[in-house]
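Reader: Please take me to one part of this model and look at it closely. I would like to start with the pockets and then follow what surrounds them. Where should I look?

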Amino acid sequence: MSISTLITLSDKDKKIIGQIIEEQTYPCTVKTLRGKLKHSGRDIPEYLITRALRSLLSDDKVRFKAFKLSSFRDSRNNRFFPNDGMMLFGSVDIGLQNGNGFIESELELNYFNPIQNNLHGYIKFIGKGITNLNNKVPKSRYYLYGGSSTMRGYLEQQFLSTQYFISTLELAYQPDTKIQFNLFSDYGISSFNTVKDGYFGYGFGMAQKSDQSIIKVQYALPYGQTLNQGKLHIKWISRL
């Protein structure tokens, strides 16, 4: 594959990816889509498939009306480096999309508990899902997830599904107010019917805080993979 092909995708390749999306059984992964593309004679890198997915999903024009119910509670002792307290957010959207009824919901729980001295534990759960009451969920409403904010050890936006649930366990050591080290594990599933077939990632990392920003560097492995098959996640957060 030429360098120019690595930079962009042709309209023909986008069309083929779109056809595979329509025929694919969900949930699926970018790796699954790449395997089907290879079978058709096209070896396209996963990051380009992800880029094409974002473009194809956003091109699906939809019209919708909805109302939203939400609740938010935050008792964390620090916004950026908490070691005690809880943050809970939940929401439900109910409405019409192109004449079809849908329900979309989200739940996120973050719980921090001090253990001793500069050590604390962290539990996180996040779940998102959408259901169309009349027909299949349109591709424009699918979730792309994976990577530093959801499933560490996997590529950014590697997974594609109408729902996902991710649980996180962390043990963090914070020697002072500006730096933190942690061990973590993430377990994700695309439905409660696939609890035993979920994706598991684990690793370690550090975060450093300044007056302007926070930078997080983490290294994570998918379960069953060797050390050189891990992913390095770097995340920068502005405090301005």
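Author: Start with the second largest pocket. Its lining has 5 nonpolar, 5 polar and 3 charged residues. Keep in mind that this is a predicted model. The volume of this pocket is about 310 Å³. In total, 13 residues line the second largest pocket, and those closest to its centre are Lys31, Tyr154, Gln158, Pro222 and Gln225.

Now stop at glutamine 157. This residue sits in the loop between strand 6 and strand 7, which spans 159–161. Is glutamine 157 buried, exposed or partly exposed? Glutamine 157 is partly exposed, because its relative accessibility of 24% falls between the 20% and 50% cut-offs. Its backbone also deserves a look. The phi of glutamine 157 is positive, about 55 degrees, yet the residue is not a glycine.

Next comes the main stop, the largest pocket. What is its volume? It is about 810 Å³. The lining counts 33 residues, with Asn110, Tyr122, Lys124, Lys216 and Lys235 closest to the centre of the largest pocket. Several strands supply two or more lining residues each: strand 4 (100–116), strand 5, strand 8 (163–176), strand 9 (179–189), strand 10 (199–209), strand 11 (213–222) and strand 12 (231–238). Sort the lining of the largest pocket by class, and you get 14 nonpolar, 10 polar and 9 charged residues.

Find phenylalanine 102 in your view. Across from phenylalanine 102 stands asparagine 132 of strand 5. Strand 4 and strand 5 also make a hairpin, with 2 residues between them.

Asparagine 117 belongs to that turn. Put another way, asparagine 117 is in the loop between strand 4 and strand 5. Its phi is near 45 degrees, a positive value in a residue that is not glycine.

Glycine 99 lies in the loop between strand 3 (85–97) and strand 4. Glycine 99 is exposed too, because its relative accessible area of 60% is over 50%. Now compare sequence with space. Glycine 99 and asparagine 134 are 35 residues apart in sequence, but their C-alpha atoms are 9.2 Å apart.

Strand 5 has a further partner. How many bridges join strand 5 to strand 8? There are 11, and these two strands run antiparallel. Isoleucine 123 marks one place to check. Opposite isoleucine 123 you will find leucine 169 in strand 8.

Carry on from strand 8 to strand 9. This antiparallel pair has 10 bridges. Glutamate 170 faces phenylalanine 184 of strand 9 across the pairing. These strands form a hairpin as well, and 2 residues lie between strand 8 and strand 9.

Arginine 141 sits in the loop between strand 5 (119–132) and strand 6 (143–145). Is arginine 141 buried or exposed? Arginine 141 is buried, because its relative accessibility is 14% and the cut-off is under 20%. Its side chain has a polar contact with the side chain of glutamate 104, at 2.7 Å.

You will find lysine 68 in strand 2, residues 64–74. Set aside the neighbours within four places in sequence, and lysine 68 is in contact with Ser91, Val92 and Asp93.

Last, step back to the whole chain. The protein chain has 4 helices and 12 strands. Of its 240 residues, 41% are buried. Residues 24 or more positions apart account for 49% of them.

Terms used:
Residues numbered from 1 in each chain as written. Predicted model: local features only at pLDDT ≥ 70, side-chain atom pairs only at ≥ 80, totals over all residues. Heavy atoms only, no water. Buried < 20%, exposed > 50% of the residue type's maximum accessible area, 1.4 Å probe, protein only. Polar contact = N/O pair within 3.5 Å; in protein donor to acceptor, adjacent residues only side chain to side chain. 1 Å grid on protein atoms, 1.4 Å probe; cavity = no way out; pocket = protein on both sides within 12 Å on 5 of 7 lines; lining within 4 Å. Points joined across faces, edges and corners; volume = space filled by probe spheres on them. Nonpolar A, V, L, I, M, F, W, Y, C, P; charged D, E, K, R; others polar. Pairing = 2+ DSSP bridges. Contact = heavy atoms within 4.5 Å.
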